[in-house]
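Work through the exercises below with the sequence and the model at hand. Each task is followed by a solution in steps.

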Amino acid sequence: MKAIVAVKRVIDYNVKVRVKADNSDVDLANTKMSINPFCEIAVEEAVRLKEAGTVSEIVVVSVGPKAVQEQMRYAMALGADRGIQVETEASPSSLDVARLLAKINEEEQADLFILGKQAIDSDNNQTGQMLAALLDIPQATFASEVKIADGKAEVTREVDGGLVTLEMDLPAVITTDLRLNEPRFAALPKIMQAKRKPLAVKTLEELGVSLSNSIELLAVESPAERQAGIKVGSVDELLDKLRNDAQVL
Amino acid sequence: MKTLIIAEHENGAIKSATLSAVTAAQALGAPVDLLVTGSDISSAAKAAAQVAGVVNVLTVEDAALAHPLADLIAPVAKQLAGDYTHILVGASTFGKDLAPRLAALCGVNQISDIIAVVDADTFKRPIYAGNAIATVKSSDATKVITVRGTAFAAAAAEGGSAAVSAASATVGSAKVRFVRADVTESDRPELDSADIVVSGGRGVGSKEDFAKVFELADKLGAAVGASRAAVDSGFVPNDMQVGQTGKMVAPKLYIAVGISGAIQHIAGMKESGIIVAINKDEEAPIFNIADYGLVGDLHEILPELVSKI
């Protein structure tokens, strides 16, 4: 069984985001970049399925400039077998990425697609669902448990108010939530080995996919800053403020 | 221009995420229709018709729609999409699951989690976990949008008088089956929709000491959250984590106990109405965003709060 895992290079989740002075975008110059945490969970899940003998090959795909190879190599250090980079300097939309993955799948014919539920930069939460729609295959988003047997996937999803379990025919798309697993650390020998794993680079032209450009980014602003309030000296004073000034109790 | 909202309903009632989407739709200035799908939906359709500001309620009733599966609802909505310039869904897990699948079927991009309507094509939405606000303009003929519930007041659930009619849409067969639902058995409100949230951090000290946080929450009828540090320390399970990689909350009152205020935690709660911080370190960054800060030992403060509320 072949699994495709998509990964995105994003600002590290511990870095404070700064908006550019001209409000055109956020400033990513000289910022630490990492694999999107939800994508890392997706890689880990695929690797666990491979270790369990369910998955035989893991193909990691990323869309972006040459720098995304760093995150692809990281995914390979965790256990992905080979990589396909779609090289572009533009920022593709979720629909673009879904179309590219669907296009790549024409050749790959994967049985399972594991994606992070969202990237922590654009916060879209779209690509997995869009890929499932384009391939006309089932989806299970926000997965916290995945079991695969007899050509079917049983996936427990985190939804508002609890958990829902679905059974899907394969091929299918799964998007990962935080509780699915805790990714391992990449050991140094694995990092060295990953450098020798195959990584193919394709262009948009080669794949015959043009980017959609239907969403224009007009401005990026900092959110309204919260003002530091006051320090209170006692529990009584706190309760008085909450009851009488803020009126929230 | 015309807007369709895909309703989320439970036990015959329209959920608040949908009511917030109705308010967002009013800002577009176009007539608003509600689509209700399900297997036994007469009471949900009746409730939908009562929602203030809705013109038509369209129903698609089919045994296969007993559980809200995006795989089945997206193609149904796609069949109706041609009549609409905007299709809105609340940004609940229902809406987040459904809207991208529908958008891809329509061949359009999707706009997630809007917090403001600038005009019919232009919207504001948080990116980077709310650390930046993007203004985006869509040129798609059909705009598929999810609406952040905390940014729009819920439309009145009563007072409307929409016409109810069955829509002509066929329901396909899904390659996915509902197995079971495990609804969290808790008397506490849900973290994402609670009016008051009490969260504990590493400063709480231990799993046992976290009982004090639960005690305060129960006294207030509040939901309980935690920082990533508290989760990583094993004090509480990780479905309680508030923050960039956990749950985003915006209650009327957020009480942070023993939480220092890491960026990734603040990203998940800074839209709260009033923030209270209780911490023994007066230099803790949480105090920079708190409306009311109380410096001291939480092990003394929490029991005192419980006894005086």
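**Exercise 1: A salt bridge within chain A**

At 1% relative accessibility, A:Glu44 counts as buried. The model is a predicted one. Task: find which residue meets the side chain of A:Glu44 in a salt bridge, and state where the two residues lie.

Solution.
- Step 1. The partner is A:Arg184, with 2.9 Å from N to O.
- Step 2. A:Glu44 belongs to helix H1 (residues 37–51) of chain A, while A:Arg184 sits in the loop between strand S10 (172–176) and helix H5 (188–194) of that chain. The two are 140 residues apart, and the pair links distant parts of the chain.
- Step 3. A:Arg184 has a relative accessible area of 27%. Buried requires a value under 20% and exposed one over 50%, so A:Arg184 is partly exposed.

**Exercise 2: A salt bridge between the chains**

Task: identify the residue of chain B that forms a salt bridge with A:Arg157, and decide whether each partner is buried or exposed.

Solution.
- Step 1. The side chain of A:Arg157 meets that of B:Asp97 at 3.6 Å, N to O.
- Step 2. A:Arg157 has 7% relative accessibility and counts as buried. B:Asp97, at 6%, is buried as well.
- Step 3. The pair runs from strand S8 (residues 152–159) of chain A to helix H4 (residues 93–106) of chain B.
- Step 4. Between chain A and chain B the count is six salt bridges.

**Exercise 3: The contact of the two chains**

Task: describe how many residues each chain gives to the contact and how much area is buried.

Solution.
- Step 1. Chain A contributes 81 residues and chain B 83 residues.
- Step 2. The chains bury about 6800 Å² between them, with 54% of it on carbon and sulfur atoms.
- Step 3. Strand S12 (residues 215–221) of chain A and strand S10 (residues 132–138) of chain B run antiparallel and are joined by six bridges. In this pairing, A:Glu221 stands opposite B:Ile133.

**Exercise 4: A covered strand in chain B**

Task: work out which strands pair with strand S17 (residues 274–279) of chain B, and how many of the residues of S17(B) are buried.

Solution.
- Step 1. Strand S16 (residues 253–257) of chain B runs parallel to S17(B) and is joined to it by five bridges. Here B:Val257 stands opposite B:Ile278.
- Step 2. Four bridges connect S17(B) to strand S18 (residues 292–295) of chain B, also in parallel. B:Leu294 is the partner of B:Ile278 in S18(B).
- Step 3. Six of the six residues of S17(B) are buried. B:Ile274, B:Val276 and B:Ile278 point one way, and B:Ile275, B:Ala277 and B:Asn279 the other way.

Note on methods: Residues numbered from 1 in each chain as written. Chains lettered and ligands numbered in written order. Predicted model: local features only at pLDDT ≥ 70, side-chain atom pairs only at ≥ 80, totals over all residues. Heavy atoms only, no water. Contact = heavy atoms within 4.5 Å. Buried area = accessible area lost by both parts, 1.4 Å probe. Salt bridge = Lys/Arg side-chain N within 4 Å of Asp/Glu carboxyl O. Pairing = 2+ DSSP bridges. Buried < 20%, exposed > 50% of the residue type's maximum accessible area, 1.4 Å probe, protein only.
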